[in-house]
2 protein chains.
Amino acid sequence: MSDGRVINFGAGPSALPASVLEEAAKGLLNFNGTGIGIAEISHRSKEFTAFLAEVESLIRSQLDVPETHSILFTQGGGSAQFSAVVLNLLARHHLLNPDLPERDLDYVVTGSWSKKAAEEARRLGGGRVNVVVDARASSKDGRTFDSIPAHASYSFTSPNPALIYYCENETVDGVEFSNDASSPASFPFHLLPQNTPLLPLVGDYSSSFMSRPIPRLADHAIIYAGAQKNIGPAGLTILIVRKDCLVDVDAAAKLGAAPVPLTMAYKTLADNSSVYNTPAVLPIYISGLVLRRSAEQGGVQYYEALNKRKADKLYAAIKEGEARGVFRAKVKEGSGSLMNVVFDVVGDGAEAKFISGAEALGMKAIKGHRSVGGIRVSLYNAVTEEQTDVIVAFMKSFLAQ
Amino acid sequence: MSDGRVINFGAGPSALPASVLEEAAKGLLNFNGTGIGIAEISHRSKEFTAFLAEVESLIRSQLDVPETHSILFTQGGGSAQFSAVVLNLLARHHLLNPDLPERDLDYVVTGSWSKKAAEEARRLGGGRVNVVVDARASSKDGRTFDSIPAHASYSFTSPNPALIYYCENETVDGVEFSNDASSPASFPFHLLPQNTPLLPLVGDYSSSFMSRPIPRLADHAIIYAGAQKNIGPAGLTILIVRKDCLVDVDAAAKLGAAPVPLTMAYKTLADNSSVYNTPAVLPIYISGLVLRRSAEQGGVQYYEALNKRKADKLYAAIKEGEARGVFRAKVKEGSGSLMNVVFDVVGDGAEAKFISGAEALGMKAIKGHRSVGGIRVSLYNAVTEEQTDVIVAFMKSFLAQ
C-alpha cells in the first residue's frame with residue numbers, strides 16, 4: 001500500500017510513518033474490532049474513551065508530565081491558542097489580582113509565530129503587551145529572525161505578568177531554543193521573575209512537540225502544540241495545563257476579564273475530560289498510533305538523538321556549500337532548528353534548479369515559507385535518517401556540479 | 001476490507017459509506033497520486049487547494065448556495081459556533097448601529113442544542129438574550145422538548161435584533177422543523193421582522209446538513225454545521241455566511257464590541273479562503289469524498305426522498321408499538337426528526353432487552369442521549385434503507401414477542 005510514496009520534507013502538515021498510516025487505514029473501516037470505523041464511532045463510546053486515556057498516558061509518560069498538569073485535547077491549531085492562552089491567563093490574573101489597574105503580557109519574540117501571538121494579544125486587549133526581547137534587533141540585517149538572542153538581551157521586568165510567552169521552534173524562520181541549559185541559545189529560565197512560584201509561563205511547542213524532552217516542563221503554566229508536525233493530522237491541538245490555570249472564567253468576567261468562548265475555556269475542557277463537545281476523533285486516533293510507535297522506539301530520548309543526527313548532517317552540508325559559495329545559511333550557528341533547516345541557494349535561478357533537481361529524485365515540499373523564501377527542509381520525527389541521507393547526498397552532488 | 005462492519009445508528013460521529021472509507025484508506029497513503037498521504041500534505045499545496053475548491057463547489061451546487069454567500073471551513077464544532085455567531089453578529093450590529101444602548105439576541109429554543117446556544121449568548125454578554133419561543137411551554141409535561149411550537153406562539157418582537165437563532169434539527173430531543181412551508185411544524189419565516197432586507201438569521205444545521213434542501217437558504221445570515229453527522233469525520237465545521245456578515249471585527253471592537261478571537265472571525269477565514277491557518281485537512285478530505293458520492297447519487301433531493309422513506313418506516317413501527325403498549329413516541333406527530341428518531345420501550349427492563357436484542361443482531365449505538373434516556377435511532381444519509389429495514393423488522397419481532 002505504501003508504494004509510490006515520495007520523501008516529504010514539508011513543514012506541516014508533514015510526513016507520518018507509513019506503518020501508522022497502514023494501520024489507520026484499517027481503523028477507518030473497523031476500529032478495534034468494534035465493527036465501526038474510527039471516524040464513525042461515538043466520542044463517548046467506551047472504546048474511544050479508553051483510547052483517549054491511552055493517548056494521554058502516552059504523552060504523560062514520554063514527556064514526564066507531572067500530576068500537577070492536565071493533558072487536554074482541543075481543536076483550532078496554534079492560532080486558536082494565540083487567543084486562548086491570553087483569555088484564560090487574563091481571567092486567572094483577574095481572579096488573583098482583582099483590582100490591578102494594568103496587566104502585563106510579556107512576549108519573547110524570536111520569529112514569525114511568536115510575533116503573531118503577540119499581535120493577537122494586542123488585538124484582544126485586556127493587558128499591556130510587552131516585548132521582552134525581539135530577536136530582529138540582533139539579526140544580521142536588523143529585519144529578519146535569524147537567531148536566538150543572547151541571555152543578556154532579555155528584560156523580564158514586569159513585576160507580576162499575566163503571562164510570559166515564547167515559541168520553542170519557529171517553523172518559518174528555522175530558529176529554535178536549545179534544550180541544553182548551558183547553551184547560549186537556551187531559554188533563559190534563570191532570568192524569569194523569581195518571586196512567583198506559579199509562573200504564568202506559556203510555551204508554543206507546535207513544531208517541536210515530542211521531538212525531544214521539554215526542558216523544565218513542570219515550570220510551565222501552559223504548553224501547547226498542533227499535532228500536524230511530529231505526531232498526527234491537522235485538526236488536533238494538545239495542551240498541557242498546570243491545574244492552577246484551569247480557572248472559572250465566568251467568575252473572572254464578573255471581575256472585568258473578557259468573556260471566554262466556551263470551547264476556549266480550559267476549565268470546561270478539563271472538567272469534561274476533553275469531550276465537552278465532540279473532539280477531533282480521527283486526528284486523535286492517528287496521533288495515538290504515532291505516539292504508541294514513538295513509545296516503542298524509545299520515546300523522546302530516542303527522537304532527540306535521531307533528530308540531532310539528522311539535522312547535524314544537513315547543517316554540515318550547508319556549511320560545506322557556504323565554503324564553496326553555493327549555499328547560504330539563513331540562521332546563525334547555534335540557533336538552527338533541528339526541525340526546520342533553512343538556507344538559500346546562491347545565484348540566479350540556482351534555487352529553482354535545486355528544487356526541481358530534488359523533486360526529480362522524489363524529494364518534495366522543500367520550498368521555504370512564502371514570507372521568507374529560500375529552501376526549508378523539515379526533519380520531523382517521521383523523516384528517517386535514510387531519507388535525510390538522500391537529501392544530503394543530493395546537496396553534495398549539487399555542490400559538485 | 002469492509003467485512004465485519006455492524007449497523008451504526010449512532011447520533012454522531014456516525015455512519016459513513018464503506019465505499020468512501022475504502023477510498024479514504026488509499027488516500028491516507030497516497031493522495032491523488034502525489035506520493036504523499038492526505039494527512040501529510042500541505043494545506044497550501046496546489047492539489048489540496050483544488051480539492052478544497054471542489055468541496056466548496058459540491059456544497060454550493062447541491063444546496064444551491066447563491067453568490068451572495070461564502071462557504072467557509074473551520075474547526076471547533078457547533079459549540080464553537082455558539083460563540084462565533086454571537087461575536088461576529090454583535091460586531092456587525094455595532095458597525096451598523098454604533099450608538100445603541102441595548103442589543104437584542106433572539107433565540108428560538110426547541111431543544112437541548114438551541115437552549116445551550118442561548119446560554120452561551122448569555123455567558124458572553126454584549127446583548128440581551130430573548131427567548132422568542134420555548135418549546136417546553138407547549139410540551140406534554142411542560143419540561144421536555146417534544147415538538148416544534150405552533151406558529152402563533154413565536155414572538156419576534158425585537159425591532160432590530162443582532163441575531164435571530166434557531167436549530168433545524170435537535171439531535172438529543174429528536175424534533176426537527178419541517179421543510180414543507182405549509183406544515184405547522186415549519187420555521188415561521190413569514191413571521192420574521194419584515195423591515196430588514198438583510199436579516200441576521202442564524203440556523204444551526206449540524207445534524208441535518210446535506211440531508212435535504214435548506215428552506216430559504218438565501219435569507220439566512222449564517223448557516224453552520226458540524227461535519228460529523230451526514231458528511232464526514234468530527235473536527236470540521238462548515239459555514240455558509242452571507243457576505244455582509246463578514247465584518248471587520250477590529251473596527252467593531254473600537255466601537256465597543258467584544259474582541260473576537262482571530263480564528264473565530266469570519267472575515268479572516270473568508271479573506272484567506274479558509275486557510276488562514278492550517279485547516280482540518282483529513283476531515284475535509286473525507287467529507288469531500290462523501291459529497292462527491294452524494295452528488296453522483298442525486299444530491300440533497302435524492303437524500304430527502306430516501307431519508308423520508310426511512311423515517312416513515314420507523315415512525316410507523318413506533319406507532320404500531322404504541323397501539324400495543326410496547327413503545328411510546330417521545331415526540332409529537334409532525335415534529336419528529338427524520339435524522340434522529342426517539343422513543344421509549346415501555347416496561348421494567350424492556351429497554352435493556354430491546355438494546356441487547358438489537359446488538360445481538362449487529363445494530364449498535366441506539367441508546368438515547370444520556371440526558372433524556374430511551375432509544376434513539378439515527379438515520380443519517382449513510383444509513384441505507386436496507387439497514388433501516390433491519391431495525392424495523394427487529395421492532396416488529398420485538399412486538400410479536
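Predicted model: local features only at pLDDT ≥ 70, side-chain atom pairs only at ≥ 80, totals over all residues.
## Ground rules

Residues are numbered from 1 along each chain as its sequence is written, and chains are lettered from A in the order in which they are written. Local features need pLDDT of at least 70, side-chain atom pairs count only at pLDDT 80 or more, and totals for chains, interfaces and linings use all residues, while side-chain values use heavy atoms, without hydrogens and water.

## The annotated domain

For chain A, an unreviewed UniProt entry places "domain: Aminotransferase class V" at residues 7-389; such annotations may be inferred rather than shown by experiment. Over that stretch the chain is 35% helix and 16% strand, taken as DSSP runs (helices H or I, at least four residues; strands E, at least two). Its end C-alpha atoms are 11 Å apart.

## Where the chains meet

Contact (heavy atoms within 4.5 Å) takes in 65 residues from chain A and 64 residues from chain B. About 4900 Å² is buried between the two chains, with carbon and sulfur atoms giving 58%; this is the accessible area (1.4 Å probe) lost on putting the parts together, summed over both. L29(A), E40(A) and R123(A) supply 15% of what chain A buries against chain B, more than any other three residues.

## Salt bridges and helices

You will find 4 salt bridges between chain A and chain B, each a side-chain nitrogen of Lys or Arg within 4 Å of a carboxyl oxygen of Asp or Glu. In one of these, R123(B) pairs with D250(A), with the closest N and O atoms 3.0 Å apart. Helices including α3 (77-96) and α5 (249-254) of chain A each supply at least two residues of the side touching chain B, and α1(A) gives the largest share, 8 residues.
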